[in-house]
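I am keeping these notes while I look through the model, and I write down each point as I look it up.

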Amino acid sequence: MKLLKLLTASTSAAVLLTSIAPSYAAGLDDLVTAAQKEGQLTVIALPRDWCGYGAVIDGFKKKYTGITVNELNPDAGSGDEIQAIKANQGNTGPQAPDVIDVGLSFGPSAKTDKLIQPYKVSTWDSIPDSAKDADGYWYGDYYGVLSFLVNDDIVKTAPKTWADLQKPDYANAVALSGDPRVANQAIEAVYAAGLSAGGAAGADAGTKGLAYFAQLNKAGNFVPVIGKAAPLAQGTTPIVATWDYNALAWRDGFNGNPKAEVVVPSDGVVAGVYVQAISAYAPHPNAAKLWEEYLYSDEGQLAWLAGYCHPIRFNDLAKNNKVPADLLAKLPDPALYAKAVFPTLDEQSAAAAIITKQWDSVVGANVK
Amino acid sequence: MSNSTDTLVANTAAPASAGVASSSGGPLHAFAGVRWGDYLGVAPFLIFAILFLIVPTAFLVVGAFIGRDGSFTFQNIIDLGTPQIVSSFWISIRVSAASAVVGAAIGLIVALAVIRGRLPEVVRSTVLTFSGVASNFAGIPLAFAFISTLGRLGLVTVVLKAAFGFDMYRAGFNILSFWGLTLTYCYFQIPLMILIIAPAIDGLKKEWSEAAATLGATPSQFWRYVGLPVLWPNLLGTLSLLFANAFGAIATAYALTGSSLNIVPILLYAQIRGDVLNNPGLGAALALGMIVITALANIVYLVIRARAERWLK
Amino acid sequence: MNPSLIAIWQKGFFRAATAGVVYVVADLVVRLLESNLDEIVDALVATLHDLLVVVAIAVVVTVFSPVIARVWAATATFRAAVVKVGAKVPWPWVAFAIGAIYFFLPLAATFEFSLRIQRTGYSFLAYTNVLQSPAFQQTFTYSILVGIAAIVVGLLIVVPAAYFVRLRAPQLRPIIEFVTLLPLIIPPIILVFGYIRLYSSSSILPLTNSDVGTNILLTLAYVALAMPYMYRAVDTGLRTIDVQTLTEAANILGANTATILIRVIFPNIIVAVLSGAFLTLAIVIGEFTVASLLNRPAFGVYMQNVGANRAFEPAALAVISFIITWAAMGMIQLLARFAPKTAARTD
């Protein structure tokens, strides 16, 4: 009796599964065909070294032949990406981005401005609720914590905290990795500095962060140049505040010349989530949707992990034992991530409003 | 990108005066007596010029006077008075002026040395060839070259520290500063100066220095009373050209300082890229400001050049 | 009072005053160059302060000018010796040497920096990295192709125009020459800004709407940038051949205008055309502003990208870029030797 019940149950389950699976697979196949007919995907602000995007793009191109990927402006910040959508409304040419990858706080404002369109990927449910828009307009893709990349050939003792950076040892050494008026990374760095200076989460940290950088600038420690791998190696910006995945990727790229180390400051560990969205004016909407499906598949998420980014579905993947052990070993100490503060949307937008508007007047850092 | 006009303008000045002599009845007089068939050959050139030189510029110029609602307004021009934009024009003018003056001075000295200094002929031709190459070397490679030389880990910095114990950066020097950028700009300003002033120095007739020597003048007296006054209009004109050249240059500054140095081309670049001024009309006004300044400087150059031609005939 | 003493005082005063004024003006100029707008008031105040100091010094010098004059006279022999030594110094060589150092040093330093990619010893690894990277090959090929396209389009536009102006419509010369001056007056960034605004999706000629259209726009922008040099080269070439006689002879033999241009005129000015072509190529290879604003995968954009992300490869790229520019210019010099020197008609 029990056996019969078991048999019927399993058979009906199998029938159910096989009936669902083909329709699911059929949906994806249709998307693939439609995307291949569009033939192109335009992405923006994706440096090849950022989260291993180079490998991600190449993997996408290899898996879905016939779709060329047009990589616009890898140096753009989140603000530039939003502007690119605005500037190209109605333009179906190669300057109009299909998908954007912006800081968390840029998602809701893009939704209000009607610049993005909703889409829920097939793995939607495994994305944490706090990192996605309920209607599907934007959805978190990966996160990391702010860290310092230090050129050990120039800096004798690496700083351990945000407070350390104010010391006279680091004269003419500290730089942000973006323009704090438009780039999410730089805005979050100012926020983290504010938190380390005792600011409360939200607008207060923004104000204290600006005060911190004003002091850093006055002490002569701040270099008002965008810090990246090259200026760091060339000595222009020996200490760069950037996401840990960037710092680790750049350190690897140096191959020991110069010697560099990645330090996560212990007095202000801020984690930042980035979100994906599809432009409301995307010239190739199906290619865009296929791209999102690829990014949120196990393959795409693990590709980001190989680029030192924590993919948003990390917990889900870990639970299902999908994460290779060697990849895990290359990541920084999980204890650091336990301490990390994830600013909420409201806190971020309050701080960002203050930082972007008042950077010029409070800090006034320009090349003299 | 730099502009090397050298003999181009020499060719322009002479024929222009010849052409003007024959057509004195206003601009349309130029078209009298020309058969329509001849226009066919010149047509592609003129069509290209109209479509891809004149109209885009005119479009921007007109766009500077159009407000957000599409009506004619001077508001955009007035908006140019915001502190950020005024200070960016000011710093552009400063950098251009500094690199023009320094470039002109050093270029003049080198050109004089090479042409009148009785150096071997091969030196002169090498210098002129090199000037032709170097004046086109602006942009990203130039910025890398100067970072490799005077950057924190640059050759000169390291050698000074190793051999003389002199830390340039501790003493306050920084390649990423106003004077650092000026120094970098001089790399294409000096060759441009040499190229343009060389024909003028050639035009200092030998008879003049011989006559001065006969009258008992020392070389310095010759330069003070004869040489420099004759060259003076050319110098002023070339100064103006160098100013315009530096004012429009963006690639070098962008590669050197990113967007930290707020010169006008970089501000315009950011505006085109991402509408950072939140006002398309203001961007057009910015472009109009740039055109006015570079056009004025170039017109000054051409006018002075035409008048200086008299001395050299 | 002793008139000669008064004369000495006057002379002393004027010399001190002139020196002081020169110093104050130079200092003011330097202060203004270094100051931001809000610092200008400070700069002017500091200049005023300097002026007071200078006046004080001028007064002191004037009072002591007899003494100074006597000391100055006493040093006459010493001064004559200095002038004699100074005359022996080969100042032109010194000036040339300083100039040579200023121009040679950055090139040497870049080359040295590019070799430092390994911590131990010099190696060409940066060069191999660059030359083998697919991005380099793609962008370099793209820029070369665009350069060739710009040369061809430029020739198609410039050669007929120069020919007709020289031959039949010299009255149009001022207009043509004004047009060739325009790209030098209008900075490239403004040209491309105009293109983006004018030829976008909503215009009659929506060139930015497609890859092909944007490539065309890029090519035409480069034609505009290189036009002054192309026109000058072609015009110089036409000047040295006898266009009138050649045309008349070809006409007598029954050729139409197109045949004359292609089979008679063009081969005769090939040297001039080639120098214009190399100059165009040099401009296109290094160009950054237009390509990056039109989002084209050009070599200049690639160089800027590498410059941000890699430490030693940018130096290798700079050296490669300089070698390419030098090679192009060197070709022009070489071709100049083969240019026809005969000028049957000079005008």
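In which loop of chain A does A:Asn73 lie? I found A:Asn73 in the loop between strand S2 (68-72) and helix H3 (78-87) of chain A, where helices (H or I, at least four residues) and strands (E, at least two) are DSSP runs numbered from the N terminus.

Before going on I noted that this is a predicted model, in which local features need pLDDT of at least 70 and side-chain atom pairs count only at pLDDT 80 or more, while totals for chains, interfaces and linings use all residues. Residues are numbered from 1 along each chain as its sequence is written, and chains are lettered from A and ligands numbered from 1 in the order in which they are written.

Most residues other than glycine have a negative phi. I looked up A:Asn73 and read a positive phi of about 35°, although this residue is not a glycine. A:Asn73 is buried, with 23 other C-beta atoms within 10 Å (buried means 20 or more such atoms, exposed 12 or fewer, and partly exposed in between, with C-beta atoms placed from the backbone).

A:Asn321, in the loop between helix H11 (314-319) and helix H12 (325-330) of chain A, also has a positive phi, near 55°. A:Asn321 is exposed, because 8 other C-beta atoms lie within 10 Å.

I then turned to the contact between chains, where 79 residues of chain C are in contact with 77 residues of chain B (C-beta atoms, placed from the backbone, within 7 Å). On the side of chain C, helix H5 (residues 91-114) gives the largest share, 13 residues.

How values were computed:
Two residues are in contact if their C-beta atoms, placed from the backbone, lie within 7 Å.
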